[in-house]
Amino acid sequence: MKNLTISFLLATIIALSACTGKTTEATDTNQTYPMFWTWLDYRPDMNFDSVCVILQQTGIDGIMLNAPTPDDYRVAIPIAHTYGIEVYAWLWTMNLEHDREAMLKERPEWFSVNRRGESLTDTNAYVDYYKFMCPALPEVREHIKRKYMRIAKLRG
């Protein structure tokens with residue numbers, strides 16, 4: 001299933017980049033080309049080097065990378081830069097992704113409550129992965145701030 005997902009992602013990237021009209025050689029150094037970016041979900045067990053090879057070959061200039069931890073960004077960023085690919089961190093803000101289950105157990109009071117008084121800890125909002133934290137709580141805002149600061153310090 002994982003190979004199918006990666007294959008689908010790469011096929012999509014190839015299809016999209018084939019329509020860009022971007023050339024790889026500039027005759028005028030002042031000439032600018034549009035940049036082509038994609039979103040990518042990073043997993044520590046993926047062969048990120050081979051993914052970057054394909055991204056580079058298809059003309060992708062940058063990725064908005066969604067990685068589980070700052071350490072994963074520390075691994076991925078230098079690999080992407082080897083291929084001339086810029087990296088921007090892409091994160092869910094109020095809806096948790098990577099640490100959802102732990103936060104639901106550790107901090108259930110941080111999650112939003114609907115009009116009926118039902119917490120997202122115990123119920124779903126549309127789909128099961130919508131588990132939004134409540135931004136009105138100072139503790140939640142501080143948590144988000146710390147999370148973003150850890151990633152912002154990575155520079156890359």
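Trainee: Which strands does α2 lie across, and at about what angle does it run to β1?

Mentor: Helix α2 lies across β1 and β2, and its direction is at about 160° to β1. Keep in mind that this is a predicted model.

Trainee: Okay, and what about α3? Which strands does that one lie across?

Mentor: α3 lies across β2 and β3. Its direction is at about 155° to β3.

Trainee: Let me back up a bit. How many helices and strands are there in the protein chain?

Mentor: The protein chain has 5 helices and 3 strands. Reading from the N terminus, the elements go α-β-α-β-α-β-α-α.

Trainee: In what order do the strands sit in the sheet?

Mentor: The order is β1-β2-β3, in an open sheet with parallel pairing. The edge strands are β1, residues 37-41, and β3, and each of them pairs on one side only. On average, neighbouring strands are turned by 30° against each other, ignoring direction.

Trainee: How do strands in a sheet pair in general?

Mentor: Through backbone hydrogen bonds, in either a parallel or an antiparallel way.

Trainee: Back to this sheet, then. How many bridges join β1 to β2?

Mentor: There are 5 bridges between β1 and β2, and the two strands run parallel. To find your way around, look at Trp37, which stands opposite Gly62 in β2. Trp39 has Met64 as its bridge partner in β2.

Trainee: And over how many bridges do β2 and β3 pair?

Mentor: Strand β2, residues 62-66, pairs with strand β3, residues 86-89, over 4 bridges, in the parallel sense. Ile63 has Val87 as its bridge partner in β3, Met64 has Tyr88, and Leu65 has Ala89.

Trainee: What hand do the β-α-β units have?

Mentor: β1, α2 and β2 make a right-handed unit. β2, α3 and β3 also make a right-handed one.

Trainee: Let's talk about burial. Why is β2 called largely enclosed?

Mentor: Because 4 of the 5 residues of β2 are buried, the strand is largely enclosed by the rest of the structure.

Trainee: And β1? Which residues are on its covered face, and which on the uncovered one?

Mentor: Thr38 and Leu40 make up the covered face of β1, while Trp37, Trp39 and Asp41 are on the uncovered one.

Trainee: What is Met64 in contact with, leaving aside its neighbours within four places in sequence?

Mentor: Met64 is in contact with Trp37, Thr38, Trp39 and Leu40, and also with Tyr88 and Trp90. Met64 and Trp39 are 25 residues apart in sequence, yet their C-alpha atoms are 4.6 Å apart in space.

Trainee: New topic: helix packing. What two values describe two packed helices in general?

Mentor: The angle between their axes and the distance between the axes.

Trainee: So what are the angle and the axis distance for α2 and α3?

Mentor: Helix α2, residues 48-57, packs against helix α3, residues 70-82, at an angle of about 35°, and the axes are 9 Å apart. The crossing of α2 past α3 is right-handed.

Trainee: Which residues meet there?

Mentor: From α2 you have Phe48, Asp49 and Cys52, and from α3 you have Ala76, Ile79 and Ala80. The residues of that contact divide into 5 nonpolar, 1 charged and no polar.

Trainee: What about Arg74? Where is its place, and how far is Arg74 from Leu154 in space?

Mentor: Arg74 is in helix α3. Its relative accessible area is 45%, and Arg74 is partly exposed. Between Arg74 and Leu154 there are 7.0 Å in space, C-alpha to C-alpha, although they are 80 residues apart in sequence.

Trainee: One last thing, for the whole chain. What share of the residues counts as buried, and what share of the contacts is between residues 24 or more positions apart?

Mentor: Of the 156 residues in the protein chain, 31% count as buried. Among contacts with a separation of 6 or more, residues 24 or more positions apart account for 62%.

Definitions and conventions
Residues are numbered from 1 along each chain as its sequence is written. This is a predicted model: local features need pLDDT of at least 70, side-chain atom pairs count only at pLDDT 80 or more; totals for chains, interfaces and linings use all residues. Side-chain values use heavy atoms; hydrogens and water are left out. Axes are lines fitted to C-alpha atoms, for helices over the stretch in contact, and angles run from 0 to 180 degrees between N-to-C directions. A crossing is left-handed if the near helix is turned anticlockwise from the far one by less than a right angle, and right-handed if clockwise. Contact means heavy atoms within 4.5 Å. Ala, Val, Leu, Ile, Met, Phe, Trp, Tyr, Cys and Pro count as nonpolar, Asp, Glu, Lys and Arg as charged, and the others, Gly among them, as polar. Two strands pair if DSSP finds at least two bridges between them. A crossover is right-handed if, with the strands pointing away from the viewer, the path from the first strand over the helix to the second runs clockwise. Buried means under 20% relative accessible area, exposed over 50%, partly exposed in between (1.4 Å probe, protein chains only).
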